[in-house]
Amino acid sequence: MVEPSKKVVILCEGQHECFLVQKLLEGQPFEYASKKKIQDTPRDGEIKIIKEFHRPRNNSKFLIKDEDGKDKCIKTFCELYTNCTLYNFVVILDADRKRTLRKFRKTAKYITKMDILDKIEDYKFVTKDEKKHPVFFISPSLEGIVKDTTNENVDNGKQDEQKRKLEKFLEESNAPWIDPLYSALTSARSF
Amino acid sequence: MAYISQLRIRNFGPLEEFDYNPTRINVFVGRNNTGKTTILRAVDLAVHGNIEDSWYFPFSWSIRNIVKKGKKNAIIETNNEETYIFESMDTVREDLQELVNSKLGQALDRFFEKKIPAERRIDVYSLYLDNFDFAMIVSKNNVSFYPYPKELPFDAKKYHESFSDIVGSTKTTQRSNDQLRHRSLMEIIPLSLMSEVSRDDENNNVNYLTHYNKIQDQEFTQNEIELRKLEEYIKENHLVNKLDRLTTHNVMYIKDSGRHDKIDIEPIPYNMHGDGFLALLNTLHYLLKSEGGILLIEEPENHLHPAYLEVFVRTIFEYSRKLNVQVFMTSHSYDLIEEILDYPETDEEMQAVCITRLQRLDGTIMGYNYSVERGREVLNDLKLDLRGI
């Protein structure tokens, strides 16, 4: 039986990060809350999605959420960080030359009244509490590193095409954050 | 105390540290057991200098929970005025001991002076103090005592016999402990020593609308002028269909007689109405009677149809300004929060409200304040729920 407290909510800056995580979690039960799904859910839509994911009868271990942008992804995480102690979170953002980290720290200070991040690597930070929720900063951005590695523009093409490019990226890339991200996703459940 | 602009709570109930600058309308949300009601009680206690009767259960240790477990005392500070709460005589601060002892002596004298001859009082006091300890509330000019037995279960029969030995009573008792608790013990044991302050002090106009008051209190029926005001309000806002009058005993409804030239009036007693109707009347009544003071409301959404929430929120905003009432309320209602965040249009209205989510993190209760602006962002932009998940 799935232990509800060990479920993982993965907050992604955008659709491409979501596709990447889906690829990494291939073969494992997950739910995907796309931008459209969230927008179409009335009123307290995001919470409804999270609550449904949390119910014991839901067998998915992961919820991948498209936060539709850096700002919203950071704000949502900071709100949930104090608001919601039942889940493990993984956050995936583009580094944007450390601008994202600065934005994260500023937003966290405003919302949680604390500095909540500890640095592990340039690309990986964890929250200071005992849950140590990991926050990944992909440098320079997921789209940028895919382009550098595969010479493909992940922004072009339909969704299946974009997914194929990301798959190719995972096969060819030796970016240092990929293994730690995979490990964080899969080990988060054992906290 | 007309308006609280600063509230500081230390070690009171489950709250270890809570600092808050109240606005005109203060809403506390969060899961159960996160201290929402405790904040309302803290305000009530600080202003009155004592606690409501319903909190206190003689012959139990429950009153000791008024101070956070493991702490010696609690402090509630409102507008730089401190109220101290001690769970036992042993924990009273040194500089307050003389005051506490003197007030305890006065309180015991008041209780026993007509019951016990002066020469025997010292032994009666010794017996009492050997068997009872006190939770105490020490405010600016007053000390209130809440006795509890030092040992549980309390041996009422033995106490009664010792008391009889001292006062030389010829009465012997065959009663069981339980019977004694409820009858003769009331006459020989001061079960509550509330000292000199009354909860009806007009200078402290704080009204606490608990769940119980909401549906049981029929005080509003006692005053014709007030009934008129409630009636007008209900008619203006179309809250109750076919209402004709509110009288001291009945709600008068216009009944369709089937004839154009005749109107029938049907009286229905208040106690034949549902909880929702009584809750509505009491909420309005408490708001009106809190003029110039403070209104504490537990979960106003309970018993109310969701459509009334808009009226409730509008009323709270309008009347709290007009009647100069500071409001503290708890809520679990998403709809109520949404209405409260929707209502403000002017800067004054925006500044008038603060929603605080209380959250238990690693055993400690924290408060997160939401302005109207931030609350709207959380609800509308992030589509999150600021009550907590």
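Mentor: This is a predicted model, so keep that in mind. Start in chain B, with strand β14 (residues 353-361) and strand β15 (residues 364-370).
Trainee: In what sense do β14 and β15 of chain B pair, and over how many bridges?
Mentor: The two strands run antiparallel and pair over seven bridges.
Trainee: Which residue in β15(B) is the bridge partner of Leu361(B)?
Mentor: That's Thr364(B).
Trainee: And how many residues sit between β14(B) and β15(B)?
Mentor: Two, and the strands form a hairpin. Look at Asp362(B) in the turn: its phi is positive, about 50°.
Trainee: Is Asn33(B) buried or exposed?
Mentor: Exposed, because its relative accessibility is 58% and the cut-off for exposed is over 50%.
Trainee: Switching to chain A. What about the phi of Lys98(A)?
Mentor: Positive again, about 70°, and Lys98(A) is not a glycine either. You'll find Lys98(A) in the loop between β4 (88-94) and α5 (99-112) of chain A. Lys98(A) is exposed too, with a relative accessible area of 51%.
Trainee: Now cis peptide bonds. Which residues does one join in chain A?
Mentor: Ser139(A) and Pro140(A), with omega about -10°. Pro140(A) is in the loop between β7 (134-138) and α6 (142-150) of chain A.
Trainee: And which residues does one join in chain B?
Mentor: Leu152(B) and Pro153(B), where omega is about -5°. Pro153(B) also sits in a loop, between β7 (142-149) and α4 (156-167) of chain B.
Trainee: Let's zoom out. How many helices and strands are in chain A?
Mentor: Eight helices and seven strands.
Trainee: Why call chain A compact?
Mentor: Because a compact globule of 191 residues would have a radius of gyration near 16 Å, and chain A has 16 Å. Its C-alpha atoms fill a box of roughly 40 × 35 × 30 Å along the principal axes.
Trainee: How much of chain A counts as buried?
Mentor: 53% of its 191 residues.
Trainee: Last one. How far apart are the mean positions of the positive and negative charges in chain A?
Mentor: 4 Å, for 37 positive and 32 negative charges.

Notes
Residues are numbered from 1 along each chain as its sequence is written. Chains are lettered from A and ligands numbered from 1 in the order in which they are written. This is a predicted model: local features need pLDDT of at least 70, side-chain atom pairs count only at pLDDT 80 or more; totals for chains, interfaces and linings use all residues. Side-chain values use heavy atoms; hydrogens and water are left out. Helices (H or I, at least four residues) and strands (E, at least two) are DSSP runs, numbered from the N terminus. The radius of gyration is taken over C-alpha atoms; the globule rule is 2.2 Å times the number of residues to the power 0.38. Buried means under 20% relative accessible area, exposed over 50%, partly exposed in between (1.4 Å probe, protein chains only). Lys and Arg count as positive and Asp and Glu as negative; His and the chain ends are not counted. The place of a charge is taken as NZ of Lys, CZ of Arg, CG of Asp or CD of Glu. Two strands pair if DSSP finds at least two bridges between them.
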